[in-house]
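Student: I have a structure to study for class, and I would like to understand what the terms used for it rest on. Could we go through it together, step by step?

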Amino acid sequence: MAIWNLGSINADMIYALPHMPTAGETLAATGLEQYLGGKGANMSVAAARAGSHVCHLGAVGPEGAWAVTRLLEYGVDTRHIAQLDVPTGHAIIAVDPTGENQIILFPGANREISADQVGAALSAASAGDILVMQNETNMQAEAARVGRDLGLKVAYVAAPFDAAAVQAVLPYLDYLFLNEVEAEQLRDATGKTPEALGVADVIVTLGAKGARHYDTTAGTTHDVAAHSVVPVDTTGAGDTFTGYVLSGLDRGLPMAQALAQANRAAALMVTRKGTADVIPDLKEVQDASF
Ligand code: ATP
């Protein structure tokens with residue numbers, strides 16, 4: 001089986017600054033680090049490191065070949081990533097000495113994916129494969145509809161939150177992932193609790209409190225307590241969690257075991273600084289001492 005991930009690919013460019021710039025100020029950075037980022041790329045790396053065959057469906061610009069190479073090195077199938085004539089999506093992240101940050105996000109190629117590209121990629125998918133999307137690309141509702149028609153299991157991560165985007169994909173979903181804030185925003189937008197959304201499995205992550213799974217077919221909820229760790233950097237914890245849940249399901253684990261493995265992977269992730277480059281593999285997750 002395979003996981004098809006319609007997902008963003010970003011260059012995260014982190015500039016170290018002596019202080020945050022004020023309006024009109026020109027300020028020299030004291031350092032620059034560039035990492036692979038984007039919720040989509042992070043999820044692909046997580047699911048691949050967990051042991052799944054992951055086909056990333058996305059786009060980069062003319063200068064984005066390095067990001068594709070990095071994904072390939074992390075075990076992701078990159079044959080369905082287009083190279084377009086628009087800049088690669090990127091985040092310009094300014095960090096001051098106290099750790100405070102300011103972020104400018106440019107979606108670029110992530111929002112220029114064509115219907116033809118989606119259709120061509122998914123025509124290679126098999127019934128029972130998993131399709132996952134988040135909200136950092138275009139084409140989510142179209143892909144969800146095609147995925148459902150082809151008999152794929154369709155998953156959606158409602159981040160960054162956009163009420164209209166979530167509602168457009170809801171009719172096609174088998175799995176919905178929300179964090180605590182997004183779950184509240186969706187309740188405000190729809191007036192519905194997670195049980196009433198019409199999605200078979202809804203998973204709400206709760207940061208240091210763990211996660212809750214709503215099995216709406218059985219009418220049950222299942223809580224997963226977070227592992228006790230000293231957090232260093234929570235960036236990418238949610239993406240790692242989602243990638244591991246979907247990989248667990250793809251590898252045939254029951255939901256409860258997939259959630260337990262994802263909870264371990266995400267706990268390990270928050271003890272590490274960085275995103276895609278430091279997502280743990282399955283052996284590290286299994287060997288973790290908690
Ligand atoms: P992000 O956007 O930072 O990636 P998120 O808001 O999507 O995160 P969270 O709910 O913060 O997602 O966290 C996802 C999962 O990571 C949690 O369900 C939990 O398993 C794990 N996690 C997060 N924070 C902690 C923590 N402090 N200690 C242990 N586990 C954590």
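Student: Which residues does aspartate 239 touch, not counting residues up to four places away in sequence?

Tutor: Keeping in mind that this is a predicted model, aspartate 239 touches Lys39, Asn42, Met43 and Ala46 when residues up to four places away in sequence are not counted. Aspartate 239 itself lies in helix 7, which covers residues 237–250, and UniProt, in an unreviewed entry, lists Asp239 under "active site".

Student: Why does aspartate 239 count as buried?

Tutor: A residue is buried if 20 or more other C-beta atoms lie within 10 Å of its own. Aspartate 239 has 30 C-beta neighbours inside 10 Å, and therefore it counts as buried.

Student: Which residues does the UniProt annotation "binding site" cover, and what makes them gather at one spot?

Tutor: The annotation, which comes from an unreviewed entry, covers Asp233, Thr235, Met269, Arg272 and Gly274. They span 42 residues in sequence, yet no two of their C-alpha atoms are more than 9.1 Å apart, so they gather at one spot.

Student: How do you know whether methionine 269 is buried or exposed?

Tutor: The cut-off for buried is 20 or more other C-beta atoms within 10 Å, and methionine 269 has 29 of them, so it is buried. Methionine 269 lies in helix 8, and apart from residues up to four places away in sequence it touches Gly236, Ala237, Thr240, Ile279 and Pro280.

Student: Why does arginine 272 count as partly exposed?

Tutor: Partly exposed is the class between the two limits, 20 or more for buried and 12 or fewer for exposed. Arginine 272 has 18 C-beta neighbours inside 10 Å, and so it counts as partly exposed. Arginine 272 is found in the loop between helix 8 and helix 9, and, leaving aside its neighbours within four places in sequence, it is in contact with Val232, Asp233 and Val278.

Student: What makes strand 11 mostly covered?

Tutor: Strand 11 runs over residues 201–205, and five of its five residues are buried. Asp201, Ile203 and Thr205 point one way from the strand, while Val202 and Val204 point the other way. Strand 10, residues 175–179, is likewise mostly covered, with five of its five residues buried: Tyr175, Phe177 and Asn179 lie on one side, and Leu176 and Leu178 on the other.

Student: How do you know that strand 10 and strand 11 pair?

Tutor: Two strands pair if at least two bridges are found between them. Strand 10 and strand 11 have five bridges, in the parallel sense, and in strand 11 the bridge partner of asparagine 179 is threonine 205. The chain crosses from strand 10 through helix 6, residues 180–190, to strand 11, and this β-α-β crossover is right-handed.

Student: Which strands are joined to these two on either side, and how many bridges do they have?

Tutor: Strand 9, residues 153–157, is joined to strand 10 by three bridges and runs parallel to it, and together with helix 5 these two strands make a right-handed β-α-β unit. Strand 12, residues 211–215, is joined to strand 11 by five bridges, and those two run antiparallel. In strand 12, tyrosine 214 is the bridge partner of valine 202. Strand 11 and strand 12 form a hairpin with five residues between them, and glycine 207 in the turn has a positive phi of about 55 degrees.

Conventions
Residues are numbered from 1 along each chain as its sequence is written. This is a predicted model: local features need pLDDT of at least 70, side-chain atom pairs count only at pLDDT 80 or more; totals for chains, interfaces and linings use all residues. Helices (H or I, at least four residues) and strands (E, at least two) are DSSP runs, numbered from the N terminus. A crossover is right-handed if, with the strands pointing away from the viewer, the path from the first strand over the helix to the second runs clockwise. UniProt positions are given in the numbering used here, feature names are shortened, and annotations may be inferred rather than shown by experiment. Two residues are in contact if their C-beta atoms, placed from the backbone, lie within 7 Å.
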